[in-house]
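Visitor: I'd like to learn how to read a few features of a protein model. Please take me through them one at a time.

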Amino acid sequence: MKITRRSALAASAATAATAAIAGCGSSSGGGEGGEGDEVTLTVATFNEFGYEELFTKYEEENPGVKITHKKAATSDDARANLMTGLAAGSGLADVEGVEVGWWAELAEYSDIFEDLADPGVEGRWLDWKTEAATIDGKLIGYGTDIGPEALAYRGDLIDKSELPSDRAELAEKLTGDWRTYFEAGRQFVEDTGIPWFDGAGGTFNGMVQQLTHPYETADGTPVPLKDNADVKAIYDLLVEFKDISAGFKQWEEDWTAAFQSDGFATMLCPPWMMGPLAGNADGVEGWDIADVFPGGGGNWGGSYLAVPGQGKNIEAAKKLAMWLTASEQQVVAFQAVGAFPSQVDALADEGVTSAVNEFFNSAPVGEIYSERATAIDVQPFMGPNFFVINTVLADAITRWDVDGMDPAESWEQALTAYDELGL
């Protein structure tokens, strides 16, 4: 399978908005119904799940079932619709798409969602994917896509240094912790004068998502920033190597424009990032993907399907959600829009592992990202305060990486901003 720029962009443009991290409709069926009765199931999603052709196939294989797709323009719209329906006690779709970062907020509504545990799905997904959607002993989400991280790099720029540009050799060279990656980058910058990575903000995101509990304990209690040694260590390491950062904030105009010049040599890259990267670097040759990620493995993004208990066709909705997230269907969704599978069997399917991306020097991206997926051992706990605390840190890094403030002064401002949250 070849992944073209067009298909990758279709999958990624909307997903990027989530990373810079469903329309609702009530069931119109008349109950579960007997044989021969028509059942209408509503499915609420956002961005690109890759389900259009699958809906048609399901209807053909299940006479009497009609699927209505409610697709929100953005994940923020989908979240707002979902929370409104939960609060109102009505108005939700039979099957709801859920972004991984919403689970902490949805935990208080866990009794409203159906328990999807079933002998038929045991062992279906990567363990960490299932664990993130298990609340109060209930499995309330079936895994759809994931965002295993690899490293995108400009092979033509790497050739200007002593580092190898061959993807296997570069991966071997960079295997290790974050300091290994940064020290190789410092040597690269000394050799070429070109920044090593795009910006400290995007890099921080990859680093902090390797922590099991970045900002809150397992019960959702915030860890005071002044006492958060793990996060401070990441901050300090980025400061130590700030001279090798290009100083760009992802998704800003100067970051986008930098792809058309020798702006930087490497960047962290989950599968959905390939589309925006290829679009921004249109006409630029030399980009490649290496099967490596500092510190082991990391995940950025991903979603689930959940079944609210307020629907009229709960068993039919469960059956549809189970089918959509089965291996065969995850492979189809990947081939349609690049949604990378979370299902164990799908990760080993030739329809995934044989995928190559011509823009990235015909890199075997299916094989690479399948390997990266199995390297992930944690999905960070995103408690109710994850995003507000993360914003405090992101702002602190931007102040020195982009705006040139003294990093120590910026950290003091971050401590003040954290205290003002009143957590």
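**Helices, burial and backbone angles**

Guide: Let's begin with a helix pair: the axes of α9 (residues 200-208) and α18 (residues 386-401) cross at roughly 145° and come within 9 Å of each other. Keep in mind that this is a predicted model, in which local features need pLDDT of at least 70 and side-chain atom pairs count only at pLDDT 80 or more, while totals for chains, interfaces and linings use all residues. Residues are numbered from 1 along each chain as its sequence is written, and side-chain values use heavy atoms, with hydrogens and water left out.

Visitor: Which residues of α9 and α18 make the contact?

Guide: Two packed helices are described by the angle between their axes and the distance between the axes. Here the contact (heavy atoms within 4.5 Å) involves Ala200, Gly201, Phe204 and Val208 on the α9 side, and Asn390, Leu393, Ile397, Trp400 and Asp401 on the α18 side. Sorted by class, the residues of this contact are six nonpolar, two polar and one charged. Ala, Val, Leu, Ile, Met, Phe, Trp, Tyr, Cys and Pro count as nonpolar, Asp, Glu, Lys and Arg as charged, and the others, Gly among them, as polar. As for the angle, it runs from 0 to 180 degrees between N-to-C directions, with axes fitted to C-alpha atoms over the stretch in contact. The helices themselves are DSSP runs (H or I, at least four residues), just as strands are (E, at least two), numbered from the N terminus.

Visitor: Let's zoom in on one residue. Is phenylalanine 204 buried or exposed?

Guide: Phenylalanine 204, which lies in α9, counts as buried because its relative accessibility is 2%. The cut-offs are under 20% relative accessible area for buried, over 50% for exposed, and partly exposed in between (1.4 Å probe, protein chains only). Leaving aside neighbours within four places in sequence, phenylalanine 204 touches Tyr215, Val231, Ile234, Leu238, Asn390, Leu393 and Ile397. Proline 224 is 20 residues from phenylalanine 204 along the chain, and their C-alpha atoms are separated by 19 Å.

Visitor: Now for whole helices. How many residues of α13 are buried?

Guide: Eight of the 11 residues of α13 (residues 314-324) are buried, so the rest of the structure largely encloses this helix. The buried ones are Ile314, Ala316, Ala317, Lys318, Leu320, Ala321, Trp323 and Leu324. Helix α17 (residues 365-374) is mostly covered too, with seven of its 10 residues buried. Those are Val365, Gly366, Ile368, Tyr369, Ser370, Arg372 and Ala373.

Visitor: And what about glutamate 183: where is it found?

Guide: Glutamate 183 is in helix α8 (residues 178-192). This residue is partly exposed, because its relative accessibility is 43%. From glutamate 183 to tryptophan 300 is 117 residues in sequence and 24 Å in space, C-alpha to C-alpha.

Visitor: Last one, backbone angles. What is phi of asparagine 47?

Guide: Most residues other than glycine have a negative phi. Asparagine 47 has a positive one, near 50°. You'll find asparagine 47 in the loop between β2 (39-46) and α2 (52-61), and it is buried, at 8% relative accessible area.
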